[in-house]
Number of protein chains: 2
Amino acid sequence: MLNPTADNTLGRYLLFLGDTVEPGYAKTAFGLRDWAGERCVGELALPAATVSTGLTPMTARQAHDLGATALVIGVAAPGGMIPEAWVPALLEALEAGLDLVSGMHVKLAQLPPLREAAGRLGRRLIDIRTPPADIPVASGVKRPGRRLLTVGTDCALGKKYTALALTRALRARGVAVDFRASGQTGILIAGGGMPIDAVVADFVAGAAEMLSPAAAPDHLDVIEGQGSLFHPAYAGVSLGLLHGSQPDLFVVCHDPGRSHILGFPAKPLPTIEAVIAQTVALGRVTNPDIACAGVALNTSAMTPEAAQAEIDALSQRLGLPVADPIRGGAAFERLLDACLANQEQA
Amino acid sequence: MLNPTADNTLGRYLLFLGDTVEPGYAKTAFGLRDWAGERCVGELALPAATVSTGLTPMTARQAHDLGATALVIGVAAPGGMIPEAWVPALLEALEAGLDLVSGMHVKLAQLPPLREAAGRLGRRLIDIRTPPADIPVASGVKRPGRRLLTVGTDCALGKKYTALALTRALRARGVAVDFRASGQTGILIAGGGMPIDAVVADFVAGAAEMLSPAAAPDHLDVIEGQGSLFHPAYAGVSLGLLHGSQPDLFVVCHDPGRSHILGFPAKPLPTIEAVIAQTVALGRVTNPDIACAGVALNTSAMTPEAAQAEIDALSQRLGLPVADPIRGGAAFERLLDACLANQEQA
């Protein structure tokens with residue numbers, strides 16, 4: 001089983017924001033709001049929080065009464081721990097009848113008060129970031145089916161949103177396509193996947209092979225990328241995911257407003273050209289035909305005019321389709337065409 | 001602590017060979033014989049085994065009487081498991097007064113008979129491949145001290161032996177140098193290190209930073225490499241180790257008799273030139289001054305004349321020092337010079 005908690009992850013959620021003041025830490029909450037909004041009942045934040053999803057604020061009891069099945073920790077705390085200050089709210093959720101869902105490296109059951117309360121009340125503590133136990137070493141053998149991987153110039157700039165937007169738009173065109181989640185938020189959105197960065201290093205490529213299994217020749221898996229080949233901390237995850245995914249195509253995700261690796265002010269961002277060249281050079285190990293379909297730009301901080309100018313200039317420079325998948329439009333249609341072009345040749 | 005078992009790993013060992021018939025599976029036994037021979041009391045093999053280290057065969061009781069403190073599982077079984085057939089011999093070792101040491105992914109204590117016997121007898125079950133719990137995400141910040149990493153065109157062709165041979169020879173020249181082990185055999189030889197391939201993927205580069213901490217500017221860490229950037233299963237480990245090691249220099253290890261990735265008959269070996277280019281391109285993320293010091297050839301299967309011809313031809317082709325560190329000689333002295341050249345400039 002790719003994700004033993006799949007049944008749970010299609011529950012209905014109360015999004016917990018803790019005491020978060022930095023929107024960048026609330027990726028899980030925003031991702032669920034944007035891509036699984038019909039399963040989000042409301043939000044719960046501690047008084048110190050300044051971040052909001054815009055969903056209705058409510059207590060755990062109210063959320064339960066409205067059909068929520070679980071409280072999802074929708075924010076990451078620095079260091080990946082669960083702060084003491086969150087525990088009373090989490091206990092209250094358990095008391096109100098909700099399970100707890102977490103995508104952090106630390107396990108919910110490692111906190112004795114949560115373990116005790118869940119046991120006493122018969123609630124579940126669901127750790128989305130726990131990989132299955134039976135991951136094999138990668139075989140490296142090419143498997144049938146087509147695959148597209150989103151890669152990035154950095155973390156946290158749109159690889160998941162791009163993969164989800166491509167999946168939705170290609171499905172609307174009638175393509176047999178599945179989104180394959182490699183991170184905790186994607187897993188909650190899709191109801192399954194592989195928390196690739198929590199896998200023991202020797203098995204990362206094997207885990208990526210499991211995530212996107214053999215399929216019909218005309219089926220497309222759109223695989224959520226992680227990190228960046230040029231990231232000083234996470235590049236090994238990115239490379240294992242690239243090798244195990246064996247993508248026929250990749251889309252480079254980039255934020256034109258970012259000049260340095262997030263959290264690493266001494267590390268300049270690689271160029272898109274460098275990311276394309278390295279992804280092809282390294283990706284050829286498991287798929288000699290790997291090619292770049294285009295670039296997804298995150299222009300969320302730009303005016304429509306500035307975004308269009310950036311998209312046009314970059315497309316000219318690279319000779320590739322460039323689009324902001326969230327803005328859509330003609331540029332995005334050209335990127336979708338490129339995602340299907342190889343298929344017609346195959 | 002880098003290695004909580006450091007005290008144990010400097011014990012005296014009985015090398016256990018199981019029922020192994022493939023010498024390639026006995027890397028740990030051979031490594032200990034070759035680099036920590038003074039702490040190897042003898043060997044123990046089951047009747048079906050055909051592999052031998054050449055050390056004196058003996059029972060666990062005899063080894064204990066000769067001063068052995070532990071039985072080391074010196075072979076890897078396919079799949080990384082401990083076969084049922086080995087258990088009686090392991091129990092006999094516990095009864096004879098020996099601890100058990102294993103470098104496999106599976107933990108010794110997962111076998112109930114071993115756990116029960118060790119508990120009853122007060123013996124230790126020591127799993128060398130268990131990383132510490134407190135590994136941070138990599139900082140990417142350059143730290144003082146010089147570092148050399150051995151990299152490879154594949155697994156299992158001399159990265160550990162090269163690192164050990166370089167360390168020994170540089171120490172003989174009066175250089176302040178330490179060997180840093182990244183795999184189970186190296187950890188047993190050195191009495192410490194980091195089992196890098198057993199670390200959770202997000203923390204591999206951080207684990208490599210721990211393995212080779214800040215040091216005096218003229219101190220050199222020679223770090224044992226793992227896998228290969230072109231390996232379809234393990235490249236992510238290699239890249240995380242490269243980034244966290246921040247090497248100033250690297251030595252490419254290669255076996256001229258190997259044409260394909262070991263165990264992946266469909267995957268041709270990368271060229272040495274490709275490994276150099278990729279190691280520089282990716283290594284620059286954490287050390288912009290990374291450079292190749294030369295190549296270590298494993299010519300153990302060749303005549304001295306054929307080895308010399310291969311070394312000369314390759315050195316000519318690459319314009320770099322090339323040597324077989326185990327054969328030594330003038331070529332190896334030139335490789336050692338290259339490992340020190342950067343230091344004099346610094």
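In this predicted model, helix H6(B) is followed by Gly174(B), a residue with a positive phi near 95°. The points below cover that helix, the nonpolar core and the contact between the chains.

**Helix H6 of chain B**
- H6(B) spans residues 159-172, and its 14 residues reach 20 Å from first C-alpha to last, close to the 20 Å expected at 1.5 Å a residue.
- Because 10 of its 14 residues are buried, H6(B) is largely enclosed by the rest of the structure.
- The buried residues of this helix include Leu164(B), Leu166(B) and Leu170(B), and also Lys159(B) and Lys160(B).

**Nonpolar core**
- The largest nonpolar core comprises 226 residues, and those with the most contacts inside it are Leu71, Ile73 and Trp86 of chain A and Leu71, Ile73 and Trp86 of chain B.
- Beyond its neighbours within four places in sequence, Leu71(A) is in contact with residues including Leu14(A), Phe16(A), Leu44(A), Leu90(A) and Asp99(A).

**Interface of chains A and B**
- Contacts link 35 residues of chain A with 35 residues of chain B.
- About 2,700 Å² is buried between the two chains, with carbon and sulfur atoms giving 60% of this area.
- Ala201(A), Asp202(A) and Val285(A) supply 20% of the area that chain A buries against chain B, more than any other three residues.
- The interface holds 2 salt bridges; Asp202(A) meets Arg129(B) in a salt bridge at 3.5 Å, N to O.
- Between the chains, 14 residue pairs are in polar contact.
- On the side of chain A that touches chain B, the elements giving two or more residues are H8, H9, S11 and H10 of chain A, and H9(A) gives the most, with 6 residues.

Definitions and conventions: Residues are numbered from 1 along each chain as its sequence is written. Chains are lettered from A and ligands numbered from 1 in the order in which they are written. This is a predicted model: local features need pLDDT of at least 70, side-chain atom pairs count only at pLDDT 80 or more; totals for chains, interfaces and linings use all residues. Side-chain values use heavy atoms; hydrogens and water are left out. A nonpolar core is a set of buried Ala, Val, Leu, Ile, Met, Phe, Trp, Tyr and Cys residues joined through side-chain atoms within 4.5 Å. Buried means under 20% relative accessible area, exposed over 50%, partly exposed in between (1.4 Å probe, protein chains only). Contact means heavy atoms within 4.5 Å. Helices (H or I, at least four residues) and strands (E, at least two) are DSSP runs, numbered from the N terminus. The expected span of a helix is 1.5 Å times one less than its number of residues. Buried area is the accessible area (1.4 Å probe) that two parts lose on being put together, summed over both. A salt bridge is a side-chain nitrogen of Lys or Arg within 4 Å of a carboxyl oxygen of Asp or Glu. A polar contact is a pair of N or O atoms within 3.5 Å; within protein, one must be able to donate a hydrogen and the other to accept it, and residues adjacent in sequence count only if both atoms are side-chain atoms.
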